[in-house]
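This report describes a predicted model.

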Amino acid sequence: MTTQVGGTPFHARAPRWFLRAAALLFVALAAFSGSSVAQAQDEVSLQVQVKDQQRDENGRADNQPVPGVSVVVLDANGAEVATGVTNDEGFALIPVPGRADYVVQIDEDTLPDGLALSPDTPSPATVSGDSFTTSRKIVNFFTGQSQSAEVSQIEKVAQRFADGVRLGLIIAMCSVGLSLIFGTTGLTNFAHGEMVTFGAMVAYGFNSAGLHILLAAPLAVIAGGAFGYFLNQVGFQQFRRRGMGLISQMVITLGLSIMLKNLFLWYFGGRDKPFLNYTNQVGQQIGPITITMRDLTVTILAAIVLVAVALTLQYTRLGKATRAVSDNVDLASSTGIDSAKVIRLIWITGGALAALGGVFRGLDEQVSWDMGTALLFLMFAGITLGGLGSAYGALVGGFVVGILVETSTLVGVPTELKTAPALLILILILLVRPQGILGRAQRVG
Amino acid sequence: MDIGAVLETAILQFIGLNACYYAIAAIGLNVQFGYTGLLNFGQAGFMAAGAYGIGQTVPIFGISMWWGIGVAVGYSVFLGLLMGVPTLRLRADYLAIVTIAAAEIVRLVVRSVAAKDAFGGTDGLTGFASSFQQVGVDLGLRPASQYGFWIFTFSGRNLWNLIVGWTLVAIFGVIVWLLMKSPWGRVLKAIREDEDAVRSLGKNVFSYKMQALVLGGVIGSFAGIMLALGNANVQPDNYSRDLTFFILTGLVLGGVAKVTGSIVGPMLFWFIFAFLDSLLRQLIDQPFRLFGTTLIESTDIGAIVFMVMGGLLVALMVFRPQGLFGNRKEMAFEGR
């Protein structure tokens with residue numbers, strides 16, 4: 001790949017004196033910028049904070065600063081670099097020579113009587129040179145009981161479970177379309193994750209243009225439905241008519257996934273951003289769990305939508321037709337059901353539900369260009385667990401997977417690997433009961 | 001705009017190390033996808049197995065780098081069995097789902113803090129490739145000197161990487177070509193066309209599929225080895241889901257179920273990629289901007305080029321599923 005040096009390319013025909021002058025200027029600039037970097041490094045400092053962990057009457061964290069504590073900063077070889085004493089706000093600003101590795105110690109004898117360092121605080125604290133993201137690096141020391149130690153095991157389980165329910169509802173909502181599209185046409189849509197991201201992107205677009213998220217969300221759902229309709233009408237319906245193999249269609253969904261994902265990256269940028277409304281939320285204590293009103297609302301709304309989907313499938317004519325087509329297309333068609341119409345409807349509702357799931361996920365976490373891609377694999381685990389192609393399987397399976405993923409951290413799975421158990425579920429269910437919980441057994445292989 | 005420079009970059013990528021390891025991975029994927037009809041969407045996982053197998057030797061295990069080839073093959077066989085045992089008796093799409101998931105989990109595990117001692121976390125692994133480069137030096141290629149002619153001028157180190165890489169491509173190409181002409185290869189193709197018919201002839205379809213999956217995976221792990229040795233490091237985020245998709249794009253571009261397709265396709269993929277990339281970079285450097293000032297910034301170019309490559313895969317499947325060298329009949333198989 002070519003890299004442009006210095007921005008403006010010089011033309012080969014430029015006079016020699018011009019090139020020399022430019023080169024001189026460049027060298028001077030480089031020297032100048034080098035010296036300014038060195039100056040900036042002189043201002044690097046460590047902000048050492050000592051806090052006593054307390055809670056207010058509502059049980060919220062209310063840490064108090066601890067003044068008058070002596071702080072010593074050592075370099076990587078153990079030599080003393082600087083010292084300081086915490087002020088009334090509980091911190092000591094200690095200038096250090098540059099962005100390097102340091103060891104920060106506090107003199108525990110200078111702590112006020114009755115206070116001792118919390119066992120969870122590493123002391124002495126080590127600071128690595130890489131961790132200076134700005135010129136001021138904050139190092140915290142806590143005294144008293146750590147907050148997390150006060151949370152009982154039951155509260156922890158309940159909290160994870162509540163988070164799991166929310167994730168599970170979102171996964172279930174996103175995967176209804178995925179499962180039904182598979183059930184009716186046999187297609188595994190690898191671009192379904194991008195349909196989820198699409199919803200969040202549209203909502204973010206309207207939201208950042210000044211529309212409240214309560215207005216932007218329905219518009220995103222409508223756009224998601226239209227997107228599903230478009231994909232079926234322009235793409236997959238034509239492919240089915242042309243008799244294209246399912247494997248070819250699957251590869252097309254892969255290409256579509258790459259295309260859409262990078263379109264989102266182009267439009268949205270690589271960083272995670274929250275919606276503009278309901279950002280600063282305070283956790284409410286409800287029984288053993290702490291949840292923000294926003295997350296609670298998301299959970300309840302998602303549950304209502306999913307119950308509505310299940311009731312529609314169970315009782316309405318259209319729902320019955322959908323289940324019939326996903327069970328057996330030929331039989332359904334021969335009883336007079338217009339299966340092409342049902343498939344179109346599934347693409348529309350699937351796209352709309354995925355978009356809504358994306359908006360909810362964006363509220364729950366943040367909006368990012370690859371949020372749906374990360375969910376896709378959990379959706380697959382969910383619909384396989386529930387039974388590929390079964391209408392209710394997606395709901396049940398997605399829900400179970402969400403809870404399992406969130407609660408897996410309780411049994412020692414590191415947070416960064418909490419999606420790994422979903423793969424385990426996937427493999428186990430395929431070994432033991434490949435048709436899933438709600439699927440019907442069929443002879444394969 | 002300097003179209004000569006654009007073409008030069010593209011031609012260098014056509015024969016470069018990227019095209020080379022893509023080609024090795026595509027040869028492996030072709031055994032699974034092209035010849036046997038197995039939807040392995042996790043080739044990146046096999047490549048990671050290879051790269052980490054060779055990367056772990058010196059820094060983690062403290063053994064000679066050359067044992068790494070054995071470790072890499074061991075890892076990829078294990079990964080192949082893990083993916084194959086639950087899925088190969090089932091419909092084709094289950095394999096697709098499990099491979100895509102397993103490859104992603106492999107990436108999450110090797111970049112995790114919890115397994116940092118074994119895989120180096122997000123920093124990856126370095127400091128294992130010196131014995132490989134030493135062989136090149138012993139053969140007389142001075143690492144810092146320039147070799148070659150016209151635009152094809154490489155440092156001794158890069159030239160050594162390219163020689164080894166393309167030799168591996170040739171070796172695996174010939175092996176797969178010979179295998180697919182053998183009775184064993186004909187069984188694989190028969191499984192792709194009609195699995196039940198093969199079963200009725202008394203063949204153990206499950207076992208053949210498993211052999212194809214593992215063989216393709218082992219070849220894929222050599223792509224990872226080559227990437228690790230060429231860069232002299234292992235980076236977990238190189239082995240993302242998209243890597244598999246781009247290798248697949250290269251394979252489809254060349255033509256599935258053809259050895260020539262699996263080699264030329266990835267080369268063309270990188271030619272087009274580099275061409276578009278440097279063309280766009282040249283375009284937005286001009287005073288008049290093609291799409292206005294704010295629409296495309298230089299940081300967007302990567303995303304735009306990848307978007308076009310995704311579109312290329314869609315367009316190929318719709319309009320020319322057989323790619324350049326393939327036979328349309330061989331792409332007509334149904335998922336089972």
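Two residues are taken to be in contact if their C-beta atoms, placed from the backbone, lie within 7 Å. By this criterion, α3(B) and α11(B) meet through residues that include B:Q43, B:F46, B:M47 and B:G50 on α3(B), and B:G217, B:G220, B:F222 and B:L229 on α11(B). The residues of this contact comprise 12 nonpolar and 8 polar, with no charged ones.

Helix α3 of chain B spans residues 43-61 and helix α11 of chain B spans residues 205-231; their axes lie 6 Å apart and form an angle of about 55 degrees. The pair is therefore oblique. The crossing of α3(B) and α11(B) is right-handed.

Chain A contains 13 helices and 10 strands. Of its 445 residues, 42% are buried. Among contacts in chain A with a separation of 6 or more, 72% join residues 24 or more positions apart.

Between the chains, 51 residues of chain B are in contact with 36 residues of chain A. Each helix in the table supplies at least two residues of the side of chain B that touches chain A.

| Helix of chain B | Residues |
|---|---|
| α1(B) | residues 3-14 |
| α4(B) | residues 67-87 |
| α5(B) | residues 92-110 |
| α12(B) | residues 241-254 |
| α13(B) | residues 259-283 |
| α14(B) | residues 301-319 |

The largest share of that side, 13 residues, comes from α5(B). By class, the side of chain B that touches chain A has 34 nonpolar, 10 charged and 7 polar residues.

Key. Residues numbered from 1 in each chain as written. Chains lettered and ligands numbered in written order. Predicted model: local features only at pLDDT ≥ 70, side-chain atom pairs only at ≥ 80, totals over all residues. Helix = DSSP H or I, 4+ residues; strand = E, 2+ residues; numbered from the N terminus. Buried ≥ 20, exposed ≤ 12 C-beta atoms within 10 Å, placed from the backbone. Axes fitted to C-alpha atoms, helices over the stretch in contact; angles between N-to-C directions. Parallel < 35°, antiparallel > 145°, perpendicular 65-115°, else oblique. Left-handed = near helix turned anticlockwise from the far one by under 90°. Nonpolar A, V, L, I, M, F, W, Y, C, P; charged D, E, K, R; others polar.
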